[in-house]
Structure formats: structure tokens, C-alpha cells
Amino acid sequence: MNAATASAATDAALMRECLREADAAAAAGEVPVGALVVVDGRIVARGRNQPIASCDPSAHAEIVALRAAGAAQANYRLPGATLVVSVEPCVMCVGAIIQARVARVVFGCADAKAGGLGGLLDLTAHAGFNHYFAVSGGVLADEARERLQRFFRARRGAAPE
């Protein structure tokens, strides 16, 4: 197995774990988005959407995970970290990723309505930021998208397909 194949397998395994966080968010009545922060191959923090329960519009899975990782690492900067998130991060979350100096973002499905890594906007294409990071999108995208579709169908009261 070459390095690219190993990396893809690792990304998929981490995304499966991330999707468990998304499932927990959905079970709590939140939009099913999960996130992990990985440092040196080890999960150091987890997050799931919780803006409804916390009455906090910034409590996206990515922000929750980055806050927990900062506490676990005793540093608000996370150089070398990988953020794994089930849905493409929004513009707010991309801003936090930049501030945290995350090295890489791996996401599941794109978000055409709010994505900040190409779905709606691609903030990595803008010159002038003081930090840039690698992006790998589309990892287990169908599984992540299906969770969102199921959640919103249920919320609208529509019958499952």
C-alpha cells in the first residue's frame, strides 16, 4: 500500500468516527455534523453541532472540537493538527481554522449554501491570510450527505425515500 492509499484509508476511518459524532448530534436534535481534531495520528478532541442546546450560534462541531483540542493541547494554536468534519466548514469555522493554524482539513460532503472551502466560497483562494492549510474534501461524502438529508426530511415531516 502506498502513502496516498494509506492516507485515504486513514481519512476514511477517521471520517467514520466523525460520522458517529454527527449521529450523536442528530440524536440530540441538532443538525448532524461531527468533527475530530487529530494530532500525530491520535484523536485529541471531538465535537458535534450543539448551537440549539447551548443557545450559541458559534457552537458548530468544528468550533466545539477546536476549543476542546486547544484545552487538551494547552495551546490555542494547533500546528500539525488535522480537522476532520463531516460537512464542509462554513465561513465562520474556516476563520477559526485559520486562527488555530490547523495544517489540514478533511471533510465529507460539500455545502453549497454555506461552505467556505469551495461549496459557496473558497476562502483558501484568497490571498492575504496569514495561514493556509491543505484540504481534502469528499471523504465518505455520500454517507455524510445522507445523514443531512434524512435529518431535514424528518424535520420537514416528509416521508423517507
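Predicted model: local features only at pLDDT ≥ 70, side-chain atom pairs only at ≥ 80, totals over all residues.
The cysteines were examined for covalent pairing. A disulfide is a covalent bond between the sulfur atoms of two cysteines. The structure holds 0 disulfides. For cysteine 18, the closest cysteine sulfur belongs to cysteine 109 and lies 10 Å away, which is too far for a bond. Cysteine 90 likewise takes part in no disulfide; the nearest cysteine sulfur, that of cysteine 93, is 3.8 Å away, whereas a disulfide requires sulfur atoms within 2.5 Å. Cysteine 18 is buried, with a relative accessible area of 0%, and cysteine 90 is also buried, at 13%.

Helix H5 comprises residues 141–156. Its 16 residues, at 1.5 Å a residue, should span 22 Å, and this expectation agrees with the separation of 22 Å between the end C-alpha atoms. The buried residues of the helix are Ala141, Ala144, Arg147, Leu148, Phe151 and Arg153. An α-helix has 3.6 residues a turn, so residues three or four places apart point the same way. Just after H5, glycine 157 adopts a positive phi of about 80 degrees.

When neighbours within four places in sequence are set aside, alanine 144 is in contact with Leu19, Ser86, Gly108 and Cys109. Cys109, one of these partners, is also the residue that carries the cysteine sulfur closest to that of cysteine 18. Threonine 10 lies 134 residues from alanine 144 along the chain, and the C-alpha atoms of alanine 144 and threonine 10 are separated by 17 Å.

The structure holds 2 aromatic pairs. In the pair formed by phenylalanine 129 and tyrosine 132, the ring centres are 6.2 Å apart and the planes meet at 70 degrees, so the arrangement is edge-to-face. Phenylalanine 129 is partly exposed, with a relative accessible area of 33%, and tyrosine 132 is partly exposed as well, at 38%. The other pair joins phenylalanine 151 and phenylalanine 152, whose ring centres are 5.1 Å apart; with an angle of 85 degrees between the planes, this pair is edge-to-face too. Phenylalanine 151, listed among the buried residues of H5, has a relative accessibility of 11%, whereas phenylalanine 152 counts as partly exposed at 31%.

Note on methods
Residues numbered from 1 in each chain as written. Heavy atoms only, no water. Buried < 20%, exposed > 50% of the residue type's maximum accessible area, 1.4 Å probe, protein only. Helix = DSSP H or I, 4+ residues; strand = E, 2+ residues; numbered from the N terminus. Contact = heavy atoms within 4.5 Å. Expected span 1.5 Å × (residues − 1). Phe/Tyr/Trp six-rings, centres within 6.5 Å; stacked < 30°, edge-to-face > 60°.
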